[in-house]
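Colleague: I would like to learn how to read the features of a model like this one. Please take them one at a time, with the general idea before the case.

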Amino acid sequence: MKSDEFHKCKYGFNPLVKDNPDWNGPEFEFLNSSDMLDFHKSLPGYSPTPLVILPKVAEALGIKQLYVKDESRRFGIKAFKAIGASYAIYRFLKQQWESRFHTPFNEKSFNDAEVLKTLGSFTFCAATDGNHGRAVAWTANKLKQRAIIYMPENTAPARIENIHTENGEVVLVPGTFDDCVTKCAQDAETNGWQAVSDTAYPGYMELPKYIMLGYTTIFRELEDALNTPGKPGVDFVFLPAGVGGLAAAGASYYVRRYGEKRPRLICVEPSDCDCFLESVKYGNGNPLPTRGKQESIMAGLNCGIPSPIAWPIIRDGMHLFIGITDNYAEEAMRVYYKEGVTSGESGASGLAGLMALLRDPELEEAGQSIGLDKNARVLLINTEGDTDPVNYKRIINC
Ligand SMILES: Cc1ncc(COP(=O)(O)O)c(C=O)c1O
């Protein structure tokens, strides 16, 4: 039986948060890259995802305004993950080309069939709960390269099918997402394949940096609307965390753009897969695995160990960590649906976290302490659409 602590909502303020973290060391050098948005703009089919305003939901929740950056149709693969995998594979190919041919490789080269032919064939492999693997397969398919995707054996059939649709091969692994990461790393080593997993581990530290950087496009696209120069147009940003790539992208973006004037950043995880909350509470500055069973319906967040690339950024930049129960995710999906926004279980986790902070007895104190009140302007990222349509229909009940 699961311990009660994994069945209820919980929180931890970050005792290690800094107004202006010192990210000047070589390990943070990668944060200076600035070509991500231009790269994405160069991809066929690019358009910025919509910023949706939900005044009725804001009113019902008793806050001033609710903004949702809706990633549910990003590049037609129903999740934000496309911008991470594509940028990482671009950087990998750039490194390959420039070290071999000593001439520059840019966005145009990535879209140039002749250049790609000259580079030759690669097999990309990745571990996933669904969306990242789909994004890797989507990118590989566009480049006419092979993709092998490792998924937990209890993955919903629709998520497996999503990989096949992109011509990806699927390997089902007994166990959790973290077991998939291990198996994928071993097979990559044995077969000379290129891993593109979104979490880092010893011997594989570069590509997760680029995956994380790719996600910053979400925040860059908001610079005309909410992320205006000098002063942000929102007070709170909710960032879901699996391995932490997206949350680190948001934290690094807001820290570097606004320093101590940044919005309050709130990290959302499932209660029974709460590795960042666990780390911030008990890790003395170091990452810890979750003690939960990782059985949440928020499949994309079922990652038991923080990525070592994401961890220091999240530790320095995020203000509050919350663990939420699945009932809030289901309710949030229905709220979105009524407003015409399609949101899957993980996609709805930001709204779920907001609702839980405003309502759940375990989180009430945290919501008040952080100042979530009638003046609050909140930004959420709807990170996925109905990536598992069968469960989506069951939960929405339509
Ligand atoms: C829909 C969705 N939201 C959020 C996340 C969390 O992203 P990360 O693993 O970068 O923390 C994932 C990860 O797969 C996801 O699929």
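**Reading the model**

Modeller: Helix H12 (residues 275-282) is mostly covered, with six of its eight residues buried. A residue is buried if 20 or more other C-beta atoms lie within 10 Å of its own, exposed if 12 or fewer, and partly exposed in between, with C-beta atoms placed from the backbone. Helices (H or I, at least four residues) and strands (E, at least two) are DSSP runs, numbered from the N terminus. This is a predicted model, in which local features need pLDDT of at least 70 and side-chain atom pairs count only at pLDDT 80 or more, while totals for chains, interfaces and linings use all residues. Residues are numbered from 1 along each chain as its sequence is written.

Colleague: Which residues of H12 are buried, and what covers them?

Modeller: Cys275, Phe276, Leu277, Glu278, Ser279 and Val280 are the buried ones. Contact is the term needed for the cover: two residues are in contact if their C-beta atoms, placed from the backbone, lie within 7 Å. The cover of the buried residues of H12 includes strand S1 (10-13), strand S9 (264-270), helix H13 (311-317) and strand S10.

Colleague: How is the length of a helix checked, and how far does H14 reach?

Modeller: The expected span of a helix is 1.5 Å times one less than its number of residues. H14 (residues 326-338) has 13 residues and reaches 19 Å from its first C-alpha to its last, close to the 18 Å expected at 1.5 Å a residue. Its buried residues are Tyr328, Ala329, Ala332, Met333, Val335 and Tyr336. Seen down the axis of H14, these fall within an arc of 165 degrees (the arc of the directions from the helix axis to the C-beta atoms), so they line one face of the helix. That set packs against helix H2 (55-61), strand S10 (320-324), helix H15 (349-359), strand S11 (377-382) and helix H17 (389-396). Just after H14, Gly340 takes a positive phi of about 85 degrees.

Colleague: Which residues does Phe238 touch?

Modeller: Leaving out residues up to four places away in sequence, Phe238 touches Ile266, Val268, Gly350, Gly353, Leu354, Val378 and Leu380. Phe238 lies in strand S8 and counts as buried because it has 25 C-beta neighbours inside 10 Å. Asp235 is in the loop between helix H10 (217-220) and strand S8 (236-240). With 19 other C-beta atoms within 10 Å, Asp235 is partly exposed. Asp235 and Pro263 are 28 residues apart in sequence and 4.6 Å apart in space, C-alpha to C-alpha.

Colleague: How is the chain divided into domains?

Modeller: Domain bounds come from an automatic or database domain assignment. Here they give domain 1 (4-79 + 215-396) and domain 2 (82-211). The centres of the two domains, taken over C-alpha atoms, are separated by 24 Å. In domain 1, 31 residues are in contact with 28 residues of domain 2. The largest share of the side of domain 1 that touches domain 2, five residues, comes from H1.

Colleague: Where does the shell around the ligand lie?

Modeller: A residue is near a molecule if its C-beta atom, placed from the backbone, lies within 6 Å of it. Domain 1 and domain 2 both give residues to the shell around the ligand, so it lies between them. Of the 21 residues around the ligand, Asn131, Gly242, Gly245, Gly300 and Thr383 come nearest. Helix H6 (131-142) and helix H11 (245-258) each supply at least two residues of the shell, and the largest share, three residues, comes from H11.
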